[in-house]
Structures are given as structure tokens and as C-alpha cells.
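Colleague: Please take a close look at a single part of this model for me. I would like the computed values in one connected account, with the cut-offs stated.

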Amino acid sequence: MFECNICLDTAKDAVVSMCGHLFCWPCLHQWLETRPNRQLCPVCKAAIGKDKVIPLYGRGSSQQEDPRNKVPPRPAGHRTEPENTTGFPGFGFGEGGFHMSFGIGAFPFGFLTSTFTHPDQRTSQATRGVLHHEDEFISKIFLYVAISFILWLLIA
Amino acid sequence: MSLIKEPLPGVVVDGDQAENLSLWIIHMTGAEGTLYEGEHFQLQFKFSPKYPFDSPEVTFIGPNIPVHPHVYSNGHICLSILTEDWSPALSVQTVCLSIVSMLSSCKEKKRPPDNSFYVKTCNKNPKKTKWWYHGKICVTSYLCIIDY
Ligand SMILES: [Zn+2]
Ligand SMILES: [Zn+2]
């Protein structure tokens, strides 16, 4: 039933194409690499691509290590937030890795903006959330540094 | 394997060969009501380690090579799914089905026009031939232009 159209086994790390055909992500990835200039669905020859497949997450499916997992990770699902949410709607699929690298990259930048300008005028709504948190974090650190410095002065 | 479970009419896999995963011999019988009715053919499938991402090498072998405008007398077949239009979702079964229908739709038994030149000069591996397929016309890098 839920067999990969390439290896004919039960689909592992399953993805489904826009045309509705099911594959293991490692199988489909290998096929896309085989014909990088002519990416067609193996079953129906519809246009297909890494960003045009949807992963299928079954219940309780854990990330079991597989030797074929040396391929790039399966594309993430595209989450759209429901409407009428408050706060920051961005980063629907921002998991740890993405935030982390962005945070490190923006660190000195966040420091400058907190010192000289108000960040709201410079950044888009989505990135503002991250920068804003950075600013608060940095201001707190500065506050602690200043307090301990004053304490040190008083003691010395 | 699915070919053994769901056989096509007139198509049989060699019993002892089916265990060998890199070389299969398929026996075919020309379908009734076609120009090849009652004829027996053998098809050889050679699978590379990259199968199914790489197409199998499919040739007619044995004493009787079908006389067909897309089949050279050395057994090479001009069929786009065997090279450019290969897909890893194709099975031995679907390839056999395409070849059976290619034979069945034939209206005149004749060799490709460039047969003697091709057979003398081609590589042993038909996948090394630069086959050109233009829509319904099959053009080899040699001289043949055949209605598909
Ligand atoms: Zn698969
Ligand atoms: Zn498809």
C-alpha cells in the first residue's frame, strides 16, 4: 500500500510529490541527483523537485539511523500558522538549528543596534523578534556587569 | 519478481536465472494477431549496481531477433525508455510490456534503414549509442530516421 515507487519497499522517510506519488526520501533524492537537469516524477513525469515534495510523518515515527541517511535531510513540512494569532507569526518551521545560526550571526549586529538605534526601524517583522530578544538579553548582561563593577568599586 | 507473480501473456522468466540479480533472460512469444504471432524471442536484461537509478541494458539475444524497424539485427533496441526516458519506477514487467506493444503495433517487418552500418560500427552496449528521439520519430546518431 504505502510502498516506495522506486525501491518497492515500505517507504522510509516518506515524501509525497505534488502529483501524489510516494517515495522514500533517500530513493527520490538519489534519482534527483542522477538527473539534476531533468527532474521528473518517476511515475508520471510531472515536474518534481526537492522543494516540491511533502514529508509524511506517521504516528510515533522516531528518527532511526539508517546508512542511507548520509543524504541531505528530508525537506521539512511547510507550516502555515492559523490566522488571528498575536505576537510574531514568522518562523513557522524554524527549528533549533536555524535560530541558532541566525542568533550567532546577528549577535554583534544586535549589540550595535541596541546601542545606537532602535531596532524596529531596521529589520523586518520576522527578524525583529529574534533581534529584540537579543537586545533584552544583552541589556540584562550589561546591567549585571555594571552592577558587579560598582560593587567591586565599593569593595575595593 | 513481480513478473513471476503477475505474468504477462507470452512472457516467461528463465527459472534458474531469476536468482541472478544482474542478468535475466526473458522468453517472449509474439502475441496473437500480430506479425510476430508464434515466434519466440529471448530478451536479455543486464542490471548495473546502480539499478534502478540506471536503466538496465536490454537486448534481444538468441537465434531469432525480431525483424522490426526499431530492432537492429544485433539485438539492439531503439526505445527511449531504455535510455533517456528511463525512470526508476519502471520494472522489468513494464519494460517487457513496452517491447511487446512495440512489436505488436508493427505494420511491416523490416530492419532499421541504417542496420548494416550501425551493426558494424556500434558499441556492444546499446546504452553507449547516442539514440536521438524526437517526439514520434526515433533518430539514431547514425543515419536512421524511423517513424515511431
Ligand atoms: Zn524507496
Ligand atoms: Zn507523479
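Modeller: Asp13(A) is found in the segment before strand 1 of chain A; helices (H or I, at least four residues) and strands (E, at least two) are DSSP runs, numbered from the N terminus. The model is a predicted one, in which local features need pLDDT of at least 70 and side-chain atom pairs count only at pLDDT 80 or more, while totals for chains, interfaces and linings use all residues. Residues are numbered from 1 along each chain as its sequence is written, chains are lettered from A and ligands numbered from 1 in the order in which they are written, and side-chain values use heavy atoms, with hydrogens and water left out.

Phi of Asp13(A) is near 50 degrees, which is positive although the residue is not a glycine. Asp13(A) is partly exposed, at a relative accessible area of 28%. The classes are buried for under 20% relative accessible area, exposed for over 50%, and partly exposed in between (1.4 Å probe, protein chains only). Leu8(A) lies in the segment before strand 1 of chain A, and its phi is positive at about 70 degrees, again in a residue that is not a glycine. Leu8(A) is exposed, with a relative accessible area of 56%. For reference, most residues other than glycine have a negative phi.

Next come the metals. The zinc ion (ligand 1) is coordinated through the SG atoms of Cys4(A), Cys7(A), Cys24(A) and Cys27(A), at 2.3 to 2.4 Å. Donors are N, O and S atoms within 2.8 Å of the metal (3.2 Å for Na, K and Ca); water is not among the atoms, so sites may look incomplete. Along the chain, the donors of ligand 1 follow the spacing C-x2-C-x16-C-x2-C. The arrangement around ligand 1 is tetrahedral because its four donor atoms subtend angles of 106 to 114 degrees. Four donors count as tetrahedral if all angles lie between 85 and 135 degrees. Ideal angles for four tetrahedral donors are 109.5 degrees. Cys24(A) and Cys27(A) are buried.

His21(A) lies in the loop between strand 1 (14-17) and strand 2 (22-24) of chain A, and Cys44(A) in the loop between helix 1 (25-34) and strand 3 (53-55), so the pair ties together parts that are 23 residues apart in sequence. Cys44(A) is partly exposed, with a relative accessible area of 34%.

Which residues of helix 1 of chain A are buried? They are Trp25(A), Pro26(A), Cys27(A), Leu28(A), His29(A), Trp31(A) and Leu32(A). Helix 1 is thus mostly covered, with seven of its 10 residues buried. The cover over these buried residues includes strand 1, strand 2 and strand 3 of chain A, where contact means heavy atoms within 4.5 Å. Cys27(A), one of the buried residues of helix 1, also supplies an SG donor to ligand 1.

As for the setting, chain A has three helices and three strands, in the order β-β-α-β-α-α from the N terminus on. Of the 156 residues in chain A, 25% are buried. Among contacts in chain A with a separation of 6 or more, 39% are between residues 24 or more positions apart. The accessible surface of chain A is about 11300 Å², and carbon and sulfur atoms account for 62% of it; accessible areas come from the Shrake-Rupley method with a 1.4 Å probe, and for residues only the protein chains shown count as cover.

Chain B accompanies it with three helices and seven strands, read along the sequence as α-β-β-β-β-α-α-β-β-β. Buried residues make up 46% of the 148 residues in chain B.

Notes:
Tetrahedral: all angles 85-135°; square planar, octahedral: opposite > 155°, others 65-115°.
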